Amino acid sequence: MLKRLLIFIALLLPTVVGTLAAENNGRKRLLIINGYHDGAPWAQDIINPILYDISKRDNFYAPEVIYLSNTLIHDDKDFEVMEEGLFRRFKDKKPDFLVLVGNFPFTLRDRIVKEWGNVPMLLVCQSLEYGTQRFYYTDQSAEEECEDLRPLSELQGKYNFSVVHIPNLYKQTIDMMRHMFPEMEKLVFVADALYINRHLNHEIRDYIKENYKSMEYEWLLAGDDTSEKLQQYLLSKDYNIGLLLSTWYYERMTIHGYPQLIAGDAHLIKSVRHPVFSLREAYFSYGITGGVFPSPEEFSEYLKDGLSDLISGTDMAKIPFRTVKTDVPIINYEKLEGCGLSEKDCLPGTVFLDKPKTVWEQYYVTFIFAIIAVAALTIVGVVVMVFQRRKIELLDQSREKAQESDRLKMAFLANMSHEIRTPLNAIVGFSRLLPKTKDPEKQARFVETINVNNDLLLKLIGDVLDTAKIESNTLDVHKEPTDVNKVLQSAESTVRFRLRKGVGLDLVLEQPDCIVYTDTVRLRQVLVNLLTNAIKFTETGCITFGYEMRPGEIYFYVRDTGQGIAPEHIDQLFTRFTKLNNFKQGNGLGLSISKSIVELLGGRIGAESEGLGKGSLFWFTLPWPGE
């Protein structure tokens, strides 16, 4: 009686994520019925992504999670107590959608239809077969032969459900163990009496009998009487005894007469060297050596798609079952070394966890920086030579022009030394910090900062090269039929990620199709330069860009709500090396290069602003129709 009372109380006190609103204002309810208990790590790998997804949706109540604790269900009376408690709990809160974790909750399907109607269900399970209600009771004889199971697919038309199937890859994992330990003489299946393990016991036994005839097999059934034997296996130095872990929970009565689930024995795995393989990836937290698992990425994608189908109102009876078909061998590298093995002893394609990084992996950013730095300095040297040559030419014309060239050169070098040093300092600084932090979020931020500054440095180098070509009159254009709409859309996708939070970017396409004869690459370069300039000086509001068809020309524009330009400075905008705001990052070359490109393409360029704080408009034209 105490055990059944405990089951009843557990169902009346489910895990509630968030707070439910008092009145029904059109929001939907998602209920997750987990056949296991809240301590099962593999179940949380399923539940947590669902909770996160639903929490971001305004039209849903915070979802609830019910734990049926299948391990505590031993007979019809236990099942009845659990069933009545569940439907009493939700008598006045009928769920709109159900996610069932494990095959056990699906035994409630007829009661679900009776109480809640044809509610759509997503079943996330390890088996595509189903049995009678009694098959799922935990107290069946461990060695009892499994009853005839039926395919779940035959029920899909009768009930409104679909399946995401995560198979148990026991064959592949046993093959991995034998590959790594060719002399393995015995396989011990470490598992409790849960229905899935009773079924696996027979399948594993038959697989070994057929494929490894000389290998012994033992099912070590979880319980107080086998706890000591599990410890002996874990402490053994005989690696030819292979340990394969599924789930290890068993019931023990407390001194107060209440049942509790025990799993602590399995936690000993972390402190011993004996290799332990598992059918569940979540048990890496327990210290297992490895196994062959369904692809986590493929499962995550299928779970996301299944949830999307569920809450979109799709008829789940028409959604094909999704089975994770990609196998991934995964090994804990530290455990591998502890067994005296190396990578060559593992299966091809094995993924290694906690593997120490090579020198290249630790410092690849620094190496890349060094290459970029050398390239940047080389290019600056080339540009200096170009200016020096230009200076000599101007000296032949007049001393006054030579002095002007010298001034421009010094201004350019001053600007470039500052602009190149800024991203280089960031790359060097964060490259040094990257190997020193173990926090994945900090590492991601450091890498992102390094990548942003790499991009900035590459753009600076590109601008320097274009400036050198302009100075030597070697900047070429290659005209071809150009889809204007596609060029604008490409420019939009290039700069969108640079927008500040809260700043909008709107693209206006005047014509469904617009083809002009011009240089596609250079047109996109000018658009990106103008958009980058607008983003740089726009902290709030929006940026709008597009084009208009005018007599004889196409008029392109980029309009922003940024800080604007003082009227006396507008004439200086397209002058090379001009920088109106010393507190904004920029090399002062983009607008000048844009002016040269537009003029080479036969167009005009300009800017307008009503003053500081009133935004800006940059525009240019191209001939229409093109020649």
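At 11% relative accessibility, Trp219 counts as buried, a label for residues under 20% relative accessible area, with exposed meaning over 50% and partly exposed in between (1.4 Å probe, protein chains only). Residues are numbered from 1 along each chain as its sequence is written. The model is a predicted one, in which local features need pLDDT of at least 70 and side-chain atom pairs count only at pLDDT 80 or more, while totals for chains, interfaces and linings use all residues; side-chain values use heavy atoms, with hydrogens and water left out.

The structure holds 25 aromatic pairs. Here the rings of Phe, Tyr and Trp (its six-membered ring) pair if their centres lie within 6.5 Å, and planes under 30 degrees apart count as stacked, over 60 as edge-to-face and the rest as tilted. For Phe181 and Phe277, the ring centres are 6.4 Å apart and the planes meet at 80 degrees, so this pair is edge-to-face. The pair links distant parts of the chain, 96 residues apart: Phe181 sits in the loop between α5 (170-180) and β9 (186-191), and Phe277 in strand β14 (residues 276-278). Helices (H or I, at least four residues) and strands (E, at least two) are DSSP runs, numbered from the N terminus. Both Phe181 and Phe277 are buried.

Trp219 has an aromatic partner too: with Phe189 it forms a tilted pair, 6.4 Å centre to centre and with 35 degrees between the planes. Because Phe189 lies in strand β9 and Trp219 in strand β10 (residues 216-221), the pair ties together parts that are 30 residues apart in sequence. Phe189 is buried as well, at 0% relative accessibility. Elsewhere, Phe79, Phe104, Phe135, Tyr136, Tyr137 and Tyr195 form one aromatic cluster.

Next come the empty spaces. Rolling a probe the size of a water molecule over the atoms shows where empty space is left. On a 1 Å grid over the protein atoms alone, a cavity is a set of points where a 1.4 Å probe fits but cannot get out, and a pocket is an open set with protein on both sides within 12 Å along at least five of seven lines; lining residues have an atom within 4 Å of a point. Grid points are joined across faces, edges and corners, and a volume is the space filled by probe spheres set on the points.

By this rule there are 5 cavities of 30 Å³ or more. The second largest cavity has a volume of about 60 Å³, and its lining includes Phe135, Tyr136 and Tyr195, which also belong to the aromatic cluster. Helix α6 (195-211) gives the most to this lining, with 3 residues. The largest cavity holds about 80 Å³ of space and is lined by 11 residues, with Arg29, Leu30, Leu31, Glu64 and Phe90 nearest its centre.

The second largest pocket has a volume of about 410 Å³. Of its 20 lining residues, Trp42, Asp45, Ile166, Glu281 and Phe299 lie nearest the centre. The largest share of this lining, 3 residues, comes from α2. Gln44 is also found in helix α2 (residues 41-55), and at 17% relative accessibility it counts as buried. The side chains of Gln44 and Tyr67 are joined by a polar contact of 3.3 Å (a pair of N or O atoms within 3.5 Å; within protein, one must be able to donate a hydrogen and the other to accept it, and residues adjacent in sequence count only if both atoms are side-chain atoms).
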